[in-house]
Amino acid sequence: MTDRLVRALTADGRVRVIGVNIAQSLAEAHRRHKLSPLATAALGRTMSASLLLASNMKQAQARVNVRAAGDDSGLGLVYADAGFDGTVRGFVSNAHYDLAPLANGQQNVSQGIGQTGLLKVMRDVGYGDPYSSTVELITGDIANDVAWYLASSEQTFSKLILTEVIDQNDSQSPVKVAAGILMQIMPKATLRAAKAKNRSQEELLAQLETKNNPQQLTDLLLEGKEIEAVMTELFADMNLDILPMTKDVKFHCPCSFERMLAAMRMFGKEELESMIAEGNGAEATCHFCSEVYHATTEQLQSLLPDAQVGATA
């Protein structure tokens, strides 16, 4: 199955439906960070949620990041960053923390993150300063927490389905399924089509409740169906109209050796000179992708002029 984000309208244009498959992207995150099955599931849900939120942005360079941190979280911070362009990355503070799966085989993400704590969503619209909003966690399962954020911070009724299948016995390719679907009722200005159908808002809400079925989504994905086919089957009774706005999704981090050196220019002269005196160069690891960068003593010395300027400014 291809990692892809698909947007659609249903219920005579009254409901926006966005689906995303991230199995390959999550597998790459698992490989890079050496995640436990529980951490893989938690990061997968957060990556899916960030992509679904970013899909509603307007600018090509716009990004959304989602951070979940429970008060007593064994996983620590679960952080995902996604772009309108379909790129996504993320990390888990305690990447190796694990718990026994639930009776249905699903990972116990709610307990791993914790049911008390904070969910923070930051949006960078592509210009000006980013803006953020923070809500309390209500379940720790990410899906309900992000839906609560949308209702409380953006006054948007939403249903969010997030699912994954992690095979703990397959250490090489444990990610079998990782996907999400976001359903949102459109603003009132777009509800004119409802009058012709004589459908009430309450009836529409009840219909969307019947779609909130993670197991059905999982089963269809396990059959090998692409996300478009899954959405078409799930919403067969609601006249789903897939929009020509499909995007490929991939795990991508823009970090580079040059960016690492640029960050080191922010160090003070004394700290750089101390590292140079040790003669071992410097090493930096990217939180988002675990890429490791090494700077030689000579490369550190080349940073001293900029450090001296900064120190005297």
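Predicted model: local features only at pLDDT ≥ 70, side-chain atom pairs only at ≥ 80, totals over all residues.
A residue is called buried when its relative accessible area is under 20%.

I begin with Ser36, found in the loop that joins helix H1 (23-33) to helix H2 (37-54). Its relative accessible area is 6%, so Ser36 counts as buried. Leaving aside residues up to four places away in sequence, Ser36 touches Ala95, His96, Tyr97 and Asp98.

I turn now to the backbone. Most residues other than glycine have a negative phi. Which value does phi take at Asp12? It is near 60°, a positive value in a residue other than glycine. Asp12 sits in the loop between strand E1 (4-10) and strand E2 (15-21), and is partly exposed, with a relative accessible area of 27%. Asn239, also not a glycine, has a positive phi of about 55°. This residue belongs to the loop between helix H8 (227-234) and strand E10 (241-242). Asn239 is exposed, its relative accessible area being 54%.

Helix H8 leads me to the last topic, its packing with helix H7 (residues 214-222). The two axes come within 10 Å and cross at roughly 135°. The crossing of H7 past H8 is right-handed. On the H7 side, the contact is made by Gln216, Leu217, Leu220 and Leu221, and on the H8 side by Val230, Glu233 and Leu234.

Methods
Residues numbered from 1 in each chain as written. Heavy atoms only, no water. Helix = DSSP H or I, 4+ residues; strand = E, 2+ residues; numbered from the N terminus. Buried < 20%, exposed > 50% of the residue type's maximum accessible area, 1.4 Å probe, protein only. Contact = heavy atoms within 4.5 Å. Axes fitted to C-alpha atoms, helices over the stretch in contact; angles between N-to-C directions. Left-handed = near helix turned anticlockwise from the far one by under 90°.
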